[in-house]
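These are my notebook entries on a structure I looked up, set down in the order in which I went through it.

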Amino acid sequence: MKKIITVAACAAALLQAEVVGVKPVQERSFVQSQYIPDISLVFDASYASRNKDQDELAGIVIPGISEDVFSQGEGDGHGHSHSAYSSNNGFNLNYAELIFSANVDPSFSLDAIFHFTEDEIGIEEAYFTNTTLADGVRIRGGKLLSDFGRLNKQHPHFWDFNEAPLIYEGFLGYNHLNELGVQVQYTLPLDEYVMIGAELFQGQNEKSFGNESIALATTVDSVEIESAPAPSMFVGYLKTSFDIGNTTIMPGVSYVYGQSRLHHDHGGHEVAFDGKSSLYNAEFTIKHYFDSYSFLTWQSEWMHLDREGDEYHAEDPALPIEKEAQRIKQEGYYSQLVYAHDQNIRIGARYESIYKNDYAFIEETLPSKPFKKYTAMAEYHFSEFSRLRLEYIHNNALYKEGAIGFESEDVNTLLLSVNFSIGAHGAHDF
Amino acid sequence: MKLFLLTLLPLSLFAHMNVAVSYPYIGAITKAIAKEHVSITVLAKGNWDPHFVVPRPSLISKLRRSDALIMNGAQLEIGWLPPLIRRSANVKVQAQAKSFLNLSAQLELIQKPKSVDRSLGDVHPDGNPHFHLNPNNILRLAQVITGFLSALDEEHKVIYEKNLEEFYLFWQEELKVWEKRMEPKRGMKVIQFHDNLAYFNAAYGLNSIGTIEPLPGISPSSRHTLSLIKAIKEQKACCILHDVYHSTKTAEYLVNKTGIKLVIMPHDIGALDSVESLKGLFDYLTKAVSDD
């Protein structure tokens, strides 16, 4: 008996020794794995079927608003690499987004979002945020999505529809306001939510804003437009929100002002613009919750673009460059309704219109009827991290330039898209 | 309901501090300790799923003006509180502040998974976070909150400690009542929707043999429901203890197929209109289970 006990004790001691030999991770002196930031990956792919083949889609425009609507993403030379999502008939890998997020030290946190498309990587966002400056002031700096309007700061995987509204793509391009600069936001110490914010940006939007010098030349003439001092874009907004029972109401107004040095080449016809643009936005969201999982959201945004300056045309190499005083006023809105039945099923519809498209100077006659787009969608969420979406889009904002001016080219799209996210993905704002 | 509204009143005349708490039960414990010395703002509604609180912007304003924040923790708030804290830009409610309290760090959690993988559903990696449903834990939480408030407001330390003592005696009496009421139910087999009564079941020896959701956070499937029917029949489960926020559709189907009893179990104050206090919550739970 004694012997058995001794043996057992020896064995126990041995076992003990072995356990002591390998220390648990947290006791190994130089291991830093506990400091790995939150990492997540968001994946988005789709299958598109349209009433027009790829060649027919190639030359489609929204006259006076967008060139090359189904672009394949040549970018604008500033590291932007977005093209229109799901622009190919058939299969599309829209993006994979890699997201890192962690506290830097007691004073700052850092977020970085890398946007991968099949052939390119771009820094979608990379910014620091203060965490200790007191009293409702939040400062961010780096490259970031502006808090202009309702949709601008949301990443595409958080949108309720696959495509951005016409007013966003038309006035701000596929990247929206995604700029280098600083953002300061202040939440007022009131019972109701009132937030004011200001942003100062470098000002390199692909569609409406720019500050770089432009040189135009024909064989007989040349024009040099000087660069504007950067930063050359300012954004300001006021947002508020209040609750009535289980209904949250969220109105807001936003404004962007910036230099517009814009340069486009329409197949040998070069156009340069030297002026300034203002973009006004009014947003209104009302969301009613029936219970923890079921809600109805009505969300709308209106935008007004006002661009003024000189427009230079270099059309024929043998002729002088023409200079025209230009003033562009464009206006439109979208309005959408989304109903979540439970955690799994969602349906929604969106109506959009750009109803004002005034040019002080234009060579072609623009279509007089408003540009309209209709979208309907249905989603199935397998969990919080995976989603299947079926969407039907009827777009009658689209035209082709024919011999006698613009000819309407309605495009109908049936989209089936999937979105997955893995890893530690932070919760979204309201 | 009245009491719930009262706790939402912003500034009482005597209050030294505005304390924001994530869930109503934390508000009730804090109120018992601090009485009129703090004003309490409850962020989540008691009748909705605690995992899916809507991060409405009005909550940012509430956090913006708070002097302290007490949360449940163990990732129960992961889906809604972090963006609110960030947006509030209030130093006092940031996780590193001494005026921030994570209750889950002060208790031993059960069901802590050895490893996590989302193919197993939306598992809580730190363990089951619904610890307040073991009434014995309430005393520990009250003690923790007393220490927390005393550190922030030393001037009233004596008052907080006296209130804790009072609460302790009161709760001890109630614990005996609940214990006595639940004693005959020990070993009873139950079904739940989500395992949010794990601590309640552990406290009173109830045996949870399955959940209506096949995996945490995954909606009921017909295959899983069929296997539940089998389990209910074979193991003679007595009842389905169902939360107030999920649809009872699948539960009713099970009732239909097996004749099992369906019992609605509030998880927090305000989950049902009749549950107006912490004592009321456990009175209701113990009665609901022991009523034959």
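I begin with the contact rule: I call two residues in contact if their C-beta atoms, placed from the backbone, lie within 7 Å. The model is a predicted one, so I note that local features need pLDDT of at least 70 and side-chain atom pairs count only at pLDDT 80 or more, while totals for chains, interfaces and linings use all residues. Residues are numbered from 1 along each chain as its sequence is written, and chains are lettered from A and ligands numbered from 1 in the order in which they are written.

**Entry 1, domains of chain B.** I found chain B divided into domain 1 (2-105 + 124-175) and domain 2 (183-290), with bounds that come from an automatic or database domain assignment. Between these two domains, 23 residues of domain 1 of chain B are in contact with 20 residues of domain 2 of chain B. I looked up which helices take part: helix H1 (2-8), H2 and helix H5 (135-152) of chain B each supply at least two residues of the domain 1 side. Helices (H or I, at least four residues) and strands (E, at least two) are here DSSP runs, numbered from the N terminus. The domain 1 side that touches domain 2 of chain B divides into 13 nonpolar, seven polar and three charged residues; Ala, Val, Leu, Ile, Met, Phe, Trp, Tyr, Cys and Pro count as nonpolar, Asp, Glu, Lys and Arg as charged, and the others, Gly among them, as polar. Taken over C-alpha atoms, the centres of the two domains of chain B are separated by 27 Å.

**Entry 2, chain B against chain A.** I then turned to the two chains, where 31 residues of chain B are in contact with 32 residues of chain A. On the chain B side, helix H3 (57-64) and helix H4 (81-88) each supply at least two residues, and H3(B) gives the most, with five residues. The chain B side that touches chain A holds 15 nonpolar, nine polar and seven charged residues.

Is H3(B) largely enclosed by the rest of the structure, or open? I recorded it as largely enclosed, because eight of the eight residues of H3(B) are buried. A residue is buried if 20 or more other C-beta atoms lie within 10 Å of its own, exposed if 12 or fewer, and partly exposed in between, with C-beta atoms placed from the backbone. Among the buried residues of H3(B) are Leu59(B), Ile60(B), Lys62(B), Leu63(B) and Arg64(B).

I take a nonpolar core to be a set of buried Ala, Val, Leu, Ile, Met, Phe, Trp, Tyr and Cys residues joined through C-beta atoms within 7 Å. The largest such core has 78 residues, and those with the most contacts inside it are Val21(B), Ile29(B), Ile33(B), Leu63(B), Ile70(B), Ala142(B) and Ile145(B). Helix H2 (residues 24-34) of chain B gives the most to this core, with seven residues, and the core draws at least three residues from each of domain 1 and domain 2 of chain B. A second, separate core of 38 residues includes Leu57(A), Ala164(A), Met233(A) and Leu398(A).

The axes of H2(B) and helix H6 (residues 157-182) of chain B come within 7 Å and cross at roughly 115°; axes are lines fitted to C-alpha atoms, for helices over the stretch in contact, and angles run from 0 to 180 degrees between N-to-C directions. The contact is made by Ala32(B), Ile33(B) and Ala34(B) of H2(B) with Tyr160(B), Asn163(B), Leu164(B) and Phe167(B) of H6(B). These residues divide into six nonpolar, one polar and no charged.

Strand S7 (residues 193-201) and strand S10 (residues 233-244) of chain A run antiparallel and are joined by nine bridges, where strands pair if DSSP finds at least two bridges between them. Met195(A) has Lys239(A) in S10(A) as its bridge partner. S10(A) also pairs in the antiparallel sense with strand S11 (residues 247-266) of chain A, over 10 bridges, and Phe234(A) stands opposite Tyr257(A) in S11(A). S10(A) and S11(A) form a hairpin with two residues between them, and Gly245(A) in the turn has a positive phi of about 60°.

Most residues other than glycine have a negative phi, and most peptide bonds are trans. Against that background I noted a cis peptide bond that joins Ala230(A) and Pro231(A), with omega about 0°; Pro231(A) is found in the loop between strand S9 (222-225) and S10 of chain A. His176(A) has a positive phi near 55° and lies in the loop between helix H3 (166-172) and strand S6 (178-187) of chain A. His176(A) is buried, with 24 other C-beta atoms within 10 Å. Gln75(B) likewise has a positive phi, near 70°, and its place is in the loop between strand S3 (68-71) and H4 of chain B. Gln75(B) counts as partly exposed, because it has 16 C-beta neighbours inside 10 Å.
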